[in-house]
Amino acid sequence: MSLPCTPVVKIRLGTGASFADPLVLGDPLNGILGTNVLATDAIQVVDVSNTVQQISVRHGRDRMFEEYLPSDATIQFQDFTGDWDPTNTSSPYYPEVKAMRQLQIYTTYNGTTYPIYAGYIWSWDYDWRDPSADYALVTIQCVDAFRLLALANITNVTGAANKDLPGERINQILDEIDWPASARNVDTGDTELQNDHGEERTVLEALQTVEQSDLGALFVDHTGKITYYDRGHLSQLASGTPVYFDDTGTNVQYQDIRVSLDDTELANQVTLTRYGGQPQTASDSASIDEYFLRSYWRSGLMMETNALALIRAGQILAYRKQNRLRIDGLTLDVSEDPNRIEAALSLEIGDPIIVEKQMANGSSINTRLTIQGHAHDIRPDRWITRLSTAHPLSTAFILGSAEFGVLGTSTL
């Protein structure tokens, strides 16, 4: 079986670590004037797609801690020439086979280019499974820009002030490490923040504190951009036109589904404490009576007032106080049906889907969800994609809509 679209894997070799991709004329992702950096002779972009044997990509949100994790990728390819041997002084890539070189994966289907992964190589492994083989099996392991943010410490944030909005603060923090504007996509947000406290922490910790204070989503997208969606953006996405999945063949048909009913997300007493403030608690007595006391807390948040902390606590409580049946994810065999291909490649973080599952008693589950992560396992003859999902924290208020015009439920 041949794949309906071919994954392209490119490695960027050059002098030293770099954030931006070099400009490659004619390339659908790296040929963008004003975004990509004009390359020099010292920079090479090497396409290893023809020798790739296996690709594994993981990207998504931790359900327990409500944070997006660093995405990772593992790529295995064959080296028939020894050019990827870091000790080979005759290699055209010598001496640039090193850690922290960029890697990019994308594919093109029906004339549209879909980015799949962008990150940095942290490990090169070599294996000769058969001593008589005339090639090495090279395995590279990659992680996205979150790793770089977690390895850099800051203390002061230049320009920070009371009443900064989340987008302003995120950009100020990224400016501290000279992260290029072309490699970020940051919403404004609407939670007024207090001045930065000036304590030492990692850049990632500083950014995630802002994310948690605004109840937004901070992640690295498939092109490698540090991305922040504020609550309004997430609500609008959740209320958008969904892609329909089912097990009847009427819509996009999934091959597997993960349905759960457990207490993983349950919380009925939520306490948030801003930096220098007093704990603010929202609780639900009916949920406590039903499920016992289930506490959730965060401290060191950056909203400016206690009143804002209490509002955010109430929003988390509204989402977590009920024990509900969850659809945690779908599995798609992209190797076959064209409808699955476009769904697997086009859906991004926050995008809405509606999933139907037929049950044994003749009833069905039918629920609106949002995309929270992707996993791809690709071999020359098989492509499996797993979409992780969650109920939206909130949806935008749409006047006149039976689904999104509900006062007290939809977000105005």
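Colleague: Leaving aside neighbours within four places in sequence, which residues is tryptophan 124 in contact with?
Modeller: Tryptophan 124 contacts Ile11, Phe77, Trp84, Val97, Lys98, Ala99, Val138, Thr139 and Ile140, where contact means heavy atoms within 4.5 Å. This is a predicted model, in which local features need pLDDT of at least 70 and side-chain atom pairs count only at pLDDT 80 or more, while totals for chains, interfaces and linings use all residues. Residues are numbered from 1 along each chain as its sequence is written, and side-chain values use heavy atoms, with hydrogens and water left out.

Colleague: Where is the place of tryptophan 124?
Modeller: Tryptophan 124 belongs to strand β9, residues 112-127. Strands (E, at least two residues) and helices (H or I, at least four) are DSSP runs numbered from the N terminus.

Colleague: Why does tryptophan 124 count as buried?
Modeller: Its relative accessibility is 14%, and buried means under 20% relative accessible area, exposed over 50% and partly exposed in between, with a 1.4 Å probe and protein chains only.

Colleague: On to the helices. Which residues of α2 are buried?
Modeller: In helix α2, residues 166-176, the buried residues are Pro166, Gly167, Arg169, Ile170, Gln172, Ile173 and Leu174. Their cover includes α1 (146-150), β11 (153-154), β12 (184-186), α3 and β15 (226-229). Just after α2, aspartate 178 adopts a positive phi of about 55°.

Colleague: With which residue does aspartate 164 form a salt bridge?
Modeller: The partner of aspartate 164 is arginine 169, with the closest N and O atoms 3.1 Å apart. A salt bridge is a side-chain nitrogen of Lys or Arg within 4 Å of a carboxyl oxygen of Asp or Glu. Aspartate 164 is buried at 6% relative accessibility, and arginine 169 is buried at 1%.

Colleague: How many salt bridges does the structure hold?
Modeller: There are 17 salt bridges. One of them pairs aspartate 214 with arginine 231 at 3.2 Å, N to O. Because aspartate 214 lies in helix α3 and arginine 231 in helix α4, this pair ties together parts 17 residues apart in sequence.

Colleague: Are aspartate 214 and arginine 231 buried or exposed?
Modeller: Aspartate 214 and arginine 231 are both buried. Another salt bridge, between the side chains of aspartate 377 and arginine 386, spans 2.8 Å from N to O. Here aspartate 377 is partly exposed at 24%, and arginine 386 is partly exposed at 33%. As for networks, salt bridges with shared partners join Asp190, Asp214, Arg231 and Arg312 into one.

Colleague: What volume does the largest cavity have, and what lines it?
Modeller: The largest cavity has a volume of about 460 Å³. Its lining has 26 residues, of which Arg61, Leu215, Gly216, Leu234 and Leu393 lie nearest the centre. The largest share of this lining, 4 residues, comes from α4.

Colleague: And how much space lies in the second largest cavity?
Modeller: The second largest cavity holds about 70 Å³, and the residues lining it include Asp262, Tyr319 and Arg326.

Technical notes:
1 Å grid on protein atoms, 1.4 Å probe; cavity = no way out; pocket = protein on both sides within 12 Å on 5 of 7 lines; lining within 4 Å. Points joined across faces, edges and corners; volume = space filled by probe spheres on them.
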